[in-house]
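Hi,

Please open it first and then read on.

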Amino acid sequence: MSVLCSLYTPVAALFWALSVLSCIFAAVSPHLQSATSYGGLRGKAAGRGKPAFPLLASLPTVPTQVAFGSFYATLLTLTAAGITLHIMYLPSAEGNSSPSYHSMLLAPLALACHGARRLYEVMCVHVFSSTSHVPVVTWVAGLAFYVFVSLAWAHNPILCATPISHVPLIEPVPLSSSSHTSVAQSVAGDLSHTSGLQALACLVFLICNIVQHRCHVALADLRRQTIVRTYSYPSTNLFFRACTCPHYSAECCLYGSALFLVCPEARWAILSALLFTCANLTVTATHSLKAYQERSMQVPPYCILPGVW
């Protein structure tokens with residue numbers, strides 16, 4: 001584990017740095033946007049002329065539903081593995097009495113709920129066009145994003161919270177009927193160490209998931225009501241009256257609340273994911289707002305942060 005931990009930190013740091021830089025580059029380079037965007041934005045970008053990166057633009061694509069389904073299936077699988085590791089290799093109370101150390105299970109449980117909800121939405125809520133595809137570069141980058149988020153959110157606290165030689169571990173818990181009670185008691189004991197700040201962060205995390213789900217349902221209902229694929233806006237929805245992309249706002253707040261769910265040693269990676277998410281979604285929301293305005297649609301003047309941007 002110590003070898004994996006030592007490799008994880010520099011690789012993750014490099015990945016997040018490149019991710020943020022690529023997002024900034026895409027914001028100022030419409031040519032890169034045309035090669036990596038998808039959906040309506042991809043079609044709009046494709047109409048701007050010959051791309052500056054013909055190799056990227058010529059690469060194969062992945063159906064949007066398949067791409068997003070693989071994102072959240074990966075997230076859910078890795079998070080479930082992190083929860084299993086935590087339950088099977090429980091740190092002894094005598095070895096570490098830090099509340100944040102024992103409440104580590106809260107973060108992967110929250111992420112698992114989020115991943116399960118998003119996978120459900122991809123399979124049962126969202127309405128995807130048969131012609132909507134994601135560039136393979138964007139798909140691979142998305143998979144890498146969720147792998148690193150899962151490692152930071154669900155695995156990094158377990159592997160890297162303290163030097164592995166200093167973490168006293170008990171033997172793996174055999175998952176038999178006689179051990180179910182002890183496992184449940186250990187999990188309950190971990191969650192009982194949740195601080196007030198973590199409880200508040202968990203509440204914010206829950207609210208953000210509810211808001212985002214309601215936004216996704218509103219957008220999906222709008223797509224089902226539209227016979228011909230045109231730009232339309234759910235102006236009757238309360239959240240969409242504040243800004244044009246409230247589901248993006250909820251996503252940013254969701255990652256912000258995660259900073260207080262994970263242990264301190266994992267916060268740098270979650271902060272990196274938060275910075276990338278905010279930058280990426282702000283760029284996307286800005287393009288969406290411009291697309292609405294170019295079609296003379298009545299939408300709020302703010303794309304992601306009401307009253308500010």
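Predicted model: local features only at pLDDT ≥ 70, side-chain atom pairs only at ≥ 80, totals over all residues.

**The chain as a whole**

The protein chain holds twelve helices and two strands. Following the sequence, these elements come in the order α-α-α-α-β-α-α-α-β-α-α-α-α-α. The chain has 309 residues, and 44% of them count as buried. If you take the contacts between residues at least 6 apart in sequence, 79% of these join residues at least 24 apart.

**Helix H10 and its two partners**

How do H10 and H11 lie against each other? Helix H10 covers residues 196-225 and helix H11 covers residues 246-258; they pack at an angle of about 160 degrees, and their axes are 8 Å apart. Angles over 145 degrees count as roughly antiparallel, and H10 and H11 are therefore roughly antiparallel to each other. The crossing of H10 past H11 is left-handed. On the H10 side, the contact is made by Ala201, Val204, Phe205, Cys208, Asn209, Val211, Gln212, Cys215, His216 and Leu219. H11 contributes Pro246, His247, Ala250, Glu251, Cys253, Leu254 and Ser257. Sorted by class, the contact of H10 with H11 has eleven nonpolar, five polar and one charged residues.

H10 also packs with helix H7, which spans residues 106-124; the two axes come within 11 Å and cross at roughly 5 degrees. With angles under 35 degrees counted as roughly parallel, H7 and H10 are therefore roughly parallel to each other. From H7, the residues in this contact are Leu106, Ala110, Leu111, His114, Arg117, Arg118, Tyr120, Glu121 and Cys124. They meet Gln198, Cys202, Phe205, Asn209, Gln212, His213, His216 and Arg224 of H10.

Beyond the helix itself, the loop between H10 and H11 contains Asn237. Asn237 has a relative accessibility of 15% and counts as buried, because the cut-off for that class is under 20%. Apart from its neighbours within four places in sequence, Asn237 is in contact with Arg214 and Ala218.

Thr79 sits in helix H5, residues 64-88. Is Thr79 buried or exposed? Its relative accessibility is 0%, so Thr79 counts as buried. Leaving out residues up to four places away in sequence, Thr79 touches Pro108, Leu111, Ala112, Ser150 and Ala154. A polar atom of the Thr79 side chain lies 2.6 Å from the backbone oxygen of Leu75. Thr79 and Gly115 are 36 residues apart along the chain, with 8.6 Å between their C-alpha atoms.

One of the residues that Thr79 touches is Ser150, which is found in helix H8, residues 136-160. Ser150 is buried as well, with a relative accessible area of 0%.

Leu151 has a relative accessibility of 27% and counts as partly exposed. From Leu151 to Pro108 there are 43 residues in sequence, and their C-alpha atoms are 9.9 Å apart in space.

Best wishes

Definitions and conventions:
Residues numbered from 1 in each chain as written. Heavy atoms only, no water. Axes fitted to C-alpha atoms, helices over the stretch in contact; angles between N-to-C directions. Helix = DSSP H or I, 4+ residues; strand = E, 2+ residues; numbered from the N terminus. Parallel < 35°, antiparallel > 145°, perpendicular 65-115°, else oblique. Left-handed = near helix turned anticlockwise from the far one by under 90°. Contact = heavy atoms within 4.5 Å. Nonpolar A, V, L, I, M, F, W, Y, C, P; charged D, E, K, R; others polar. Buried < 20%, exposed > 50% of the residue type's maximum accessible area, 1.4 Å probe, protein only. Polar contact = N/O pair within 3.5 Å; in protein donor to acceptor, adjacent residues only side chain to side chain.
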